[in-house]
Amino acid sequence: MLNIVEIRKDFPLLEQKVHNFPLVYMDNGATTQKPRIVIETIKQLYSQQNSSIHRGVHFLSEQITDIFENARNTVKEFLNAGESHEIIFTSGATGSINTIAYSFGEKHIGPEDEIIVSEMEHHANIVPWQMLCERKRAKLIILPIDDNGELQIDRLENLFSRKTKILALTHVSNTLGTINPVKKIIEIAHTHNVPVLIDGAQAIQHGTVDVRDLDCDFYVFSGHKVYGPNGIGILYGKEKWLEELPPYQGGGDMIKSVTFKKTTYNDIPFKFEAGTINYIGAIGLSKALEYLNRLGKQDIEDYETKLLKYGTEKLNEIEGLRIYGNAENKICIFSFLLEGIHQYDAGMVLDKMGIAVRTGTHCAQPVMDRFGIQGTIRASLAFYNTKSEIDRLVQGLLKVKEMFH
Ligand code: PMP
């Protein structure tokens, strides 16, 4: 069982007051706060160990290269990937999806080909595919969601055609909190010989992800949403795909040899890591993952499930509050509206009480269109949140109602 009082001490940012109230940070879907071990590691790397990786024969460069490659191994273990060269460091989930949309798209997508995405995707898993469709005159096919915010899986089978080339799907919705049955969907896609990219940006921090068990072809996530640094992300790809796909960006480190006549590319993972990548961020990320391992992924999941149950009950007691996203299987995200009150007004008043929530479309405009709304108030929780913070949110919302009615 998690000791939340102790755990909160690991996160210095949570100790502060905002507008004279103890901070209630419930914007974890946008970014998570960092444990001391991540902050201290970055400080130590820059003060004592910084040097460019893979390039030097000197002590510092060799030392940091080792630490960096160990970080890759930590990510590999965290995802239960088969090989560490299946782990590519990118700038984030967005960077990872763009890498595959470009690289896979260059090789495998032509006119009239089809790409399946769902209606609940973050823009990061829509727009790169739309750009590809524009470049190649291909088509985007949409898997719809129902009123609870669950995928209409029964309609999936009919979406496949001989022209389907790839399916890209979020593991967990950043807006509705829905946990999608990705293993089942991957299995269905594979019966049609269609590879699957899973956007794990909202999944990796909430439970166990096992890419070999899922059998996904690609899995992506961002460091900053999993208690790690900003500007670093992961692209997992099955070896066979990474070997056969062309590089996304050209530059240093991704080459074996360069002449004006012909350039040959480096082996994976380096083929996809052009330039001086964010090695400090990568090491910081590995520290965040080690921290989560120490807490225990199952314990994190169990605790967050309790928060979800408590929060759902409490929020549903507020008259005029409607939650969007009531999937059977969901993470601790509450997207909701108060009848007759604009989400921005509510968000501003909550802020004055030291409560940080997000308001707007959450970069998932098609979800808003599906429900015929402009946006929602989103409280997205992490394992450092507490039931008493949920009580503060409820009190805050009651105050909002009082002010606007
Ligand atoms: N996918 C999902 C489901 C997300 O929630 C986000 C971030 N909100 C992204 C992709 C993009 O992540 P990043 O901006 O860190 O690249």
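In this predicted model, the largest nonpolar core counts 107 residues, and the members that touch the most others are Leu79, Leu167, Tyr219, Leu315 and Phe383. A nonpolar core here is a set of buried Ala, Val, Leu, Ile, Met, Phe, Trp, Tyr and Cys residues joined through side-chain atoms within 4.5 Å. Buried stands for under 20% relative accessible area, exposed for over 50%, and partly exposed for anything in between (1.4 Å probe, protein chains only). Helix 9 (residues 279–295) gives this core its largest share, ten residues. At least three residues come from each of domain 1 (4–30 + 296–404) and domain 2 (39–293). Leaving aside residues up to four places away in sequence, Leu315 touches Leu321, Ile323, Phe334, Phe336, Leu393, Val394 and Leu397. There is also a second, separate core of 26 residues, with Ile88, Ile109, Val117 and Ala201 among them. In soluble globular proteins, nonpolar side chains tend to be buried together.

Residues are numbered from 1 along each chain as its sequence is written. Since the model is predicted, local features need pLDDT of at least 70 and side-chain atom pairs count only at pLDDT 80 or more, while totals for chains, interfaces and linings use all residues; side-chain values use heavy atoms, with hydrogens and water left out.

On to the domains. The protein splits into domain 1 (4–30 + 296–404) and domain 2 (39–293), with bounds taken from an automatic or database domain assignment. Their C-alpha centres are 28 Å apart. Domain 1 puts 36 residues into the contact and domain 2 puts in 33 residues, where contact means heavy atoms within 4.5 Å.

Helix 13 (residues 387–404) has 18 residues, which at 1.5 Å a residue should span 26 Å, and this agrees with its end C-alpha atoms, 26 Å apart. The expected span is 1.5 Å times one less than the number of residues, and helices are DSSP runs (H or I, at least four residues) numbered from the N terminus. Buried in helix 13 are Glu389, Ile390, Leu393, Val394, Gly396, Leu397 and Val400. They sit on the same side of helix 13, because they cover an arc of only 160° around the axis, judged from the directions from the helix axis to the C-beta atoms. Gln395 and Glu402, on the other side of helix 13, are exposed.

As for cysteines, the structure has zero disulfides, a disulfide being a pair of cysteine sulfur atoms within 2.5 Å. Cys363 is in none, and the nearest cysteine sulfur, that of Cys133, is 20 Å away. Cys363 counts as partly exposed because its relative accessibility is 36%, whereas Cys216, at 0%, counts as buried.

Key
Helices (H or I, at least four residues) and strands (E, at least two) are DSSP runs, numbered from the N terminus.
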